Protein chains: 2
Amino acid sequence: MLFARPLAELIAQFERLPGIGPKSAQRLAFHVLRMPEDDVRRVADAMLNAKRSLKLCELCQNVSEHEICEICNDPKRNTTQICVVAEARDITALERLNEFKGRYHVLHGLLNPMEGIGPEQLKVRELIARLAEDVEEIILATNPTVEGDTTALYLAKLIKPMGIKTTRLAHGMPVGGELDFADNATLLSALEYRREL
Amino acid sequence: MLFARPLAELIAQFERLPGIGPKSAQRLAFHVLRMPEDDVRRVADAMLNAKRSLKLCELCQNVSEHEICEICNDPKRNTTQICVVAEARDITALERLNEFKGRYHVLHGLLNPMEGIGPEQLKVRELIARLAEDVEEIILATNPTVEGDTTALYLAKLIKPMGIKTTRLAHGMPVGGELDFADNATLLSALEYRREL
């Protein structure tokens with residue numbers, strides 16, 4: 001046995017977390033041993049508290065402390081636009097822009113038939129249920145990946161026949177990017193969706 | 001506010017850990033929300049348990065569940081050799097070799113005058129106290145960095161006059177390494193400590 005048992009157990013627990021390999025798990029575990037006990041308790045409590053007190057907003061399925069999240073509850077947000085994202089963390093990226101004033105809908109994943117993820121595994125039914133409201137536009141903001149594109153296409157086919165405008169985030173060159181470094185798919189999109197000046 | 005309060009608090013706690021940036025902290029926090037509550041409790045408990053139950057071995061200062069660690073307590077380890085390392089995790093690297101059969105001594109750091117770390121901040125006094133035993137050789141296995149070299153030199157000056165053989169891990173080309181890719185300091189060491197064949 002290379003490590004004392006409680007240390008080995010802690011390393012094993014850290015290794016199970018995403019993006020943490022054996023080396024990082026060791027470094028984190030030794031860091032915990034050097035932390036004051038109060039600080040360790042603070043991390044442990046934050047984990048349990050977040051897990052226990054957070055639920056999904058009944059409307060948009062975003063992570064929330066309350067039945068209805070702060071964004072859905074905000075009377076200043078317009079209710080005619082819904083921006084559909086794959087994960088709750090995608091909302092942060094968009095909110096940082098301080099540009100979009102509608103509401104969101106979190107799918108909690110993307111269609112992936114290979115891994116057995118169909119529309120029933122995502123929050124699609126909950127999205128459709130919201131379209132009875134005064135919704136005028138659905139912005140499909142899933143990632144520009146195979147799964148993201150597939151999911152956007154699937155939702156567009158479902159929503160457009162209901163007479164609701166369905167849009168998708170533009171693809172193209174990242175601002176400040178160099179042609180030289182752009183991958184082929186990005187460059188192809190940038191060319192295909194070129195705008196007249 | 002971009003995240004619900006308990007989620008923001010968890011992300012903040014994760015960000016304070018070493019090697020975890022804002023992105024990783026977010027990813028970890030969302031992962032915790034998806035974990036079963038029992039698994040979250042297991043991680044939290046492992047942290048608190050490790051922090052509470054582990055102490056430093058009274059002899060070698062390694063992290064241990066007991067007053068004397070398993071290595072120091074092992075009658076099969078010879079007591080004439082002590083391998084001095086900077087951190088407890090360095091012991092793991094050496095134990096993996098299954099080659100060294102002596103005991104260890106953990107300094108818990110390296111000399112670094114710029115950061116105010118002198119011999120009093122390290123477990124140097126505890127090392128010297130152990131030399132009254134039947135110790136014949138001290139192997140200085142600190143890293144080949146400025147701090148590691150300084151610490152090794154300092155200890156050698158202290159220990160050699162006591163008539164105890166004092167050695168240092170060899171520097172040189174890593175096995176399987178290519179000259180082309182070796183940095184200058186390594187190559188210089190490899191040249192300086194060349195062996196006759």
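**Figure 1. Salt bridge between Asp39(B) and Arg16(A) in the predicted model.** Asp39(B) and Arg16(A) form a salt bridge in which the closest N and O atoms are 3.6 Å apart; the term denotes a side-chain nitrogen of Lys or Arg within 4 Å of a carboxyl oxygen of Asp or Glu. This is a predicted model, in which local features need pLDDT of at least 70, side-chain atom pairs count only at pLDDT 80 or more, and totals for chains, interfaces and linings use all residues. Residues are numbered from 1 along each chain as its sequence is written, chains are lettered from A and ligands numbered from 1 in the order in which they are written, and side-chain values use heavy atoms, with hydrogens and water left out. By the salt-bridge rule, the count over all chains comes to 14. The pair shown crosses between chains, from Asp39(B) in helix H3 of chain B to Arg16(A) in the loop between H1 and H2 of chain A. Helices (H or I, at least four residues) and strands (E, at least two) are DSSP runs, numbered from the N terminus. Asp39(B) is buried, with a relative accessible area of 16%, whereas Arg16(A) counts as exposed at 51%. Buried means under 20% relative accessible area, exposed over 50%, and partly exposed in between (1.4 Å probe, protein chains only).

**Figure 2. Salt bridge between Arg5(B) and Glu65(A).** The closest N and O atoms of Arg5(B) and Glu65(A) are 3.2 Å apart in this salt bridge. The pair crosses between chains, from Arg5(B) in helix H1 of chain B to Glu65(A) in the loop between S2 and helix H4 (70–73) of chain A. Arg5(B) is partly exposed at 47% relative accessibility, and Glu65(A) is partly exposed at 24%. Elsewhere, salt bridges that share partners join Arg16(A), Asp39(B) and Arg42(B) into one network.

**Figure 3. Salt bridge between Arg41(A) and Glu37(A).** The side chains of Arg41(A) and Glu37(A) meet in a salt bridge, with an N to O distance of 3.4 Å. Both residues lie in helix H3 of chain A, four residues apart, about one turn of the helix. Arg41(A) is partly exposed, with a relative accessible area of 32%, and Glu37(A) is likewise partly exposed, at 31%. Side chains of opposite charge can pair when their charged atoms come close.

**Figure 4. Interface of chain A and chain B.** The contact takes 52 residues from chain A and 52 residues from chain B, where contact means heavy atoms within 4.5 Å. The two chains bury about 4900 Å² between them, 69% of it on carbon and sulfur atoms; buried area is the accessible area (1.4 Å probe) that two parts lose on being put together, summed over both. Six salt bridges are found across the interface. Eight residue pairs, both residues at pLDDT 80 or more, are in polar contact across the interface. A polar contact is a pair of N or O atoms within 3.5 Å; within protein, one must be able to donate a hydrogen and the other to accept it, and residues adjacent in sequence count only if both atoms are side-chain atoms. On the side of chain A that touches chain B, the elements giving two or more residues are H1, H2, H3, strand S2 (63–64) and helix H5 (88–95) of chain A. H3(A) gives the most to this side, with 15 residues.

Figure 5. A nonpolar core is a set of buried Ala, Val, Leu, Ile, Met, Phe, Trp, Tyr and Cys residues joined through side-chain atoms within 4.5 Å. Of the 50 residues in the largest such core, Leu7(A), Phe14(A), Leu7(B) and Phe14(B) touch the most other members. Helices H1 (5–15), H2 (22–34) and H3 (37–53) of chain A, and helices H1 (5–15), H2 (22–34) and H3 (37–53) of chain B, each supply at least two residues of this core. Leaving aside its neighbours within four places in sequence, Phe14(A) is in contact with Ile20(A), Ala25(A), Leu28(A), Ala29(A), Val32(A), Val43(B) and Met47(B).

**Figure 6. Surroundings of Thr92(B).** Thr92(B) lies in helix H5 (residues 88–95) of chain B. This residue is buried, with a relative accessible area of 3%. Apart from its neighbours within four places in sequence, Thr92(B) is in contact with Leu2(A), Phe3(A) and Gln26(A).
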